[in-house]
Amino acid sequence: MNQPPGGTPVSTLAPPASIQPLVALVGPPNAGKSTLFNQLTGLRQKVANYPGVTVERRVGEARLPTGARVELVDLPGIYGFSAGSLDERIARDALSGTLPGLRKPDALILILDVTQLARHLVLASSVLELLDIPAMVVLNMADELERGRGEIDTAALEERLEVPVALASAHRRQGLEPVQVFLECVAAGQGVRIPGSRAPETRTRRLPVIQSVPERRAWAHSVGDGARYRAPATPAWTRRLDALLLHPVLGPLAFLAMVVLVFQSIFTVAQPLMDGVEGVIAASGEWVATRLPDTWLRDLVIDGLWLGVGSVVVFLPQILILFLFIGLLEDSGYMARAALMADRFMRRIGLQGKSFLPLMSSYACAVPAIMSARTIDNERDRLATVFVAPFMTCSARLPVYALLIAAFIPERRLLGPLLGTRAATLLFLYALGLAAAIVTAWLLKSTVLKGSSSEFALELPPYRVPTLRSLVVRLVDRSKVFLKRAGTIILATSVLLWALTRIPVAPGGGVPPLDESALGRMGQLVEPAVAPLGFDWKVAVGIVSSLAAREVIVGTLGTLYGVEDATEDSLQLQSALQQDLTLGGAVALLIFYVFALQCMSTVAVMRRETGGWKWPTIQWAYMLVLAWVGAWLAYRLL
């Protein structure tokens with residue numbers, strides 16, 4: 001029988017053999033909770049939403065050395081249960097077993113940052129008094145505690161918390177053996193004797209029930225003092241780096257330099273990878289085509305599936321580079337500092353620093369960004385943030401931008417090898433979306449959402465070197481989401497477009513002329529609304545089809561022009577666009593996609609987050625009008 005850390009195994013009722021024990025991971029933000037989750041589960045994890053809400057739920061399977069398996073759930077990061085935010089309510093309900101769709105955990109692991117223990121012990125008092133199940137406390141960042149010459153007596157802390165305590169460094173995979181032993185005991189249906197208890201069967205914790213926050217803080221300091229805790233010293237290089245990155249002038253310049261690096265990398269570093277993906281798609285399409293008879297089925301597979309889905313999958317390297325940089329900024333601790341720096345500016349437009357993180361994550365996808373805005377306590381600030389979040393250029397716009405920029409913007413150097421005309425154009429489009437978000441937020445906070453912003457408080461995590469494992473797990477997870485989108489929404493849209501190009505059937509069973517097909521007639525019906533912008537009926541079809549997903553327009557245009565390799569580097573597709581679009585029309589189309597809310601998933605999430613159709617309807621109509629007017633002005637000026 002395994003000996004768990006801090007106590008003796010005791011017999012408890014085990015869950016049914018067909019059901020794996022469920023262990024909840026809970027802890028404050030930036031404590032390394034998700035890192036520990038990734039280390040224990042690897043790629044054996046899945047992401048879904050809690051029933052009835054848009055909060056993301058991560059569940060994974062931990063396979064232990066003995067062969068036992070335990071299910072882990074990574075709960076939202078929280079500081080306590082007093083503020084009443086949605087994340088805190090979900091964490092509380094999950095731990096108490098009252099959250100729909102998730103059974104009560106059989107055990108929990110509380111992850112605390114040992115370098116911030118004086119503050120994080122406040123959460124320990126709230127969590128450990130909440131329920132009576134086997135629990136363990138993991139003091140993460142042990143390497144930073146040692147490097148800063150800090151100290152902690154884990155045995156003394158065990159006595160005061162009445163649960164096993166392990167000192168670990170999750171990102172280095174150090175000190176995880178006690179965690180695995182604890183999970184082994186949970187998997188075997190064994191509890192852990194509470195230190196100091198006389199009877200092995202006793203599992204009732206005797207922590208005091210404290211209602212007020214100042215008492216809680218006093219208790220946390222008392223426990224820390226009793227465990228002879230000494231916080232690590234802040235490294236001198238951290239202070240020097242903060243002096244640079246948080247400087248009112250040098251800080252924004254450093255941030256701008258990183259942004260330029262990201263956009264230049266999207267066009268340079270990603271190019272060889274995209275060429276490789278494109279080659280694989282082309283070769284596989286040819287291989288499939290040679291093995292299918294020359295019938296409608298081959299047309300469907302090649303023109304519908306390979307043409308539609310492949311034209312979007314080829315942009316995966318660019319999208320992953322964007323996610324990679326965002327992951328580096330988050331895991332290194334810089335993103336929190338950027339939020340603190342942004343608070344100075346955001347208060348001028350009526351928002352606060354907490355709005356920065358949702359807006360930054362919108363560059364990846366507006367859907368999780370809108371969800372993450374619930375951490376903003378002020379309701380007016382939250383509404384303003386979720387309203388302007390879709391203006392930030394998400395990764396789904398990248399295929400559209402890349403195609404049109406490659407077709408109409410010749411590549412020339414502006415700042416030597418650091419910045420070219422195409423990367424500068426992309427940067428301008430991102431800046432234009434940001435400017436629209438700023439102006440819109442100012443208008444909202446000056447009129448319908450007028451009110452004072454709440455105070456902004458943010459815990460700055462220490463600088464850390466992002467781990468390769470954490471970044472790989474993040475990129476694999478985002479790849480799954482992107483490919484699932486390509487294999488569902490984009491696949492269905494591509495097949496539908498292919499079918500519409502073959503209806504009605506021409507005499508003799510042939511394919512009708514494109515402009516006489518159902519798809520052509522649909523585009524001609526919409527054409528009068530977009531003709532003032534310099535768009536023809538083919539672009540109109542692309543705009544309508546991309547309501548499902550913005551990047552669908554690339555495959556749609558490829559289908560309409562009969563291009564087999566519809567990618568940003570397709571000279572055939574670029575040539576076709578250059579014949580039907582002027583430079584003014586191409587710029588107008590770029591401007592249209594900067595402003596338009598071409599994403600029904602975002603509209604759906606907006607409805608759920610605001611509790612009705614009022615705000616998403618206003619948001620969609622406002623962005624559509626702004627897109628049309630902006631595109632019209634661009635076309636007329638050029």
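This is a predicted model: local features need pLDDT of at least 70, side-chain atom pairs count only at pLDDT 80 or more; totals for chains, interfaces and linings use all residues.
Which residue forms a salt bridge with D143? It is R172, and the closest N and O atoms of the two are 2.9 Å apart.

R172 sits in the loop between β8 and α6 (177–187), while D143 belongs to helix α4 (residues 142–147), so the bridge links distant parts of the chain, 29 residues apart. R172 is partly exposed, with a relative accessible area of 44%. D143 is buried, at 10%.

The count for the structure comes to ten salt bridges. I will take two others. R228 forms a salt bridge with D153, and here the closest N and O atoms are 2.0 Å apart. R228 is in the loop between α7 and α8, and D153 is in the loop between α4 and α5; the two are 75 residues apart. R228 counts as exposed, with a relative accessible area of 52%, and D153 as partly exposed, at 22%. R228 also has a positive phi of about 55°, although it is not a glycine.

The other pair is K445 and D381, whose side chains meet at 2.7 Å, N to O. K445 is in helix α18 and D381 in helix α16 (residues 379–388), which puts them 64 residues apart. Are these two buried or exposed? K445 is buried, with a relative accessible area of 6%, and D381 is buried at 0%. There is also a network of salt bridges that links E61, R63 and R69.

While we are on backbone angles, E162 is another residue other than glycine with a positive phi, near 65°. E162 is found in the loop between α5 (154–161) and β8 (165–167). At 7% relative accessibility, E162 counts as buried.

Now the aromatic rings. A search of the whole structure finds seven aromatic pairs. In one of them, W237 and Y463, the ring centres are 6.0 Å apart and the planes are at 40°, so the pair is tilted. W237 lies in helix α8 (residues 236–245) and Y463 in the loop between α18 (421–446) and α19 (468–500), so the pair ties together parts that are 226 residues apart in sequence. W237 is partly exposed, at 44%, whereas Y463 counts as buried, at 13%. Y463 has a further contact: R337 lies over the face of its ring, 3.9 Å from the ring centre.

A second pair is F592 and Y593. Their centres are also 6.0 Å apart, but their planes are at 70°, so this pair is edge-to-face. Both residues are buried. Elsewhere among the rings, F387, F391, F595, W615 and Y622 are linked into a cluster by ring pairs.

F592, Y593 and F595 are among the buried residues of α24. Eleven of the 13 residues of α24 are buried, so the helix is largely enclosed by the rest of the structure. What span should helix α24 (residues 583–595) have? At 1.5 Å a residue it should be 18 Å, and the end C-alpha atoms are 19 Å apart, which agrees.

Last, the surface. V625, W628, V629, W632, L633, L637 and L638 form a nonpolar patch there, with about 690 Å² of accessible area together. One of them, L637, is found in helix α26 (residues 614–637). L637 is exposed, with a relative accessible area of 73%.

Key: Residues are numbered from 1 along each chain as its sequence is written. Side-chain values use heavy atoms; hydrogens and water are left out. Patches are made of residues with over 30% relative accessible area and no salt bridge: like charges are joined within 9 Å, nonpolar side chains (Val, Leu, Ile, Met, Phe, Trp, Tyr) within 5 Å. Accessible areas come from the Shrake-Rupley method with a 1.4 Å probe; for residues, only the protein chains shown count as cover. A salt bridge is a side-chain nitrogen of Lys or Arg within 4 Å of a carboxyl oxygen of Asp or Glu. Helices (H or I, at least four residues) and strands (E, at least two) are DSSP runs, numbered from the N terminus. Buried means under 20% relative accessible area, exposed over 50%, partly exposed in between (1.4 Å probe, protein chains only). Rings of Phe, Tyr and Trp (its six-membered ring) pair if their centres lie within 6.5 Å; planes under 30 degrees apart count as stacked, over 60 as edge-to-face and the rest as tilted. A charge sits over a ring if NZ of Lys or CZ of Arg is within 6 Å of the ring centre and within 35 degrees of the ring normal. The expected span of a helix is 1.5 Å times one less than its number of residues.
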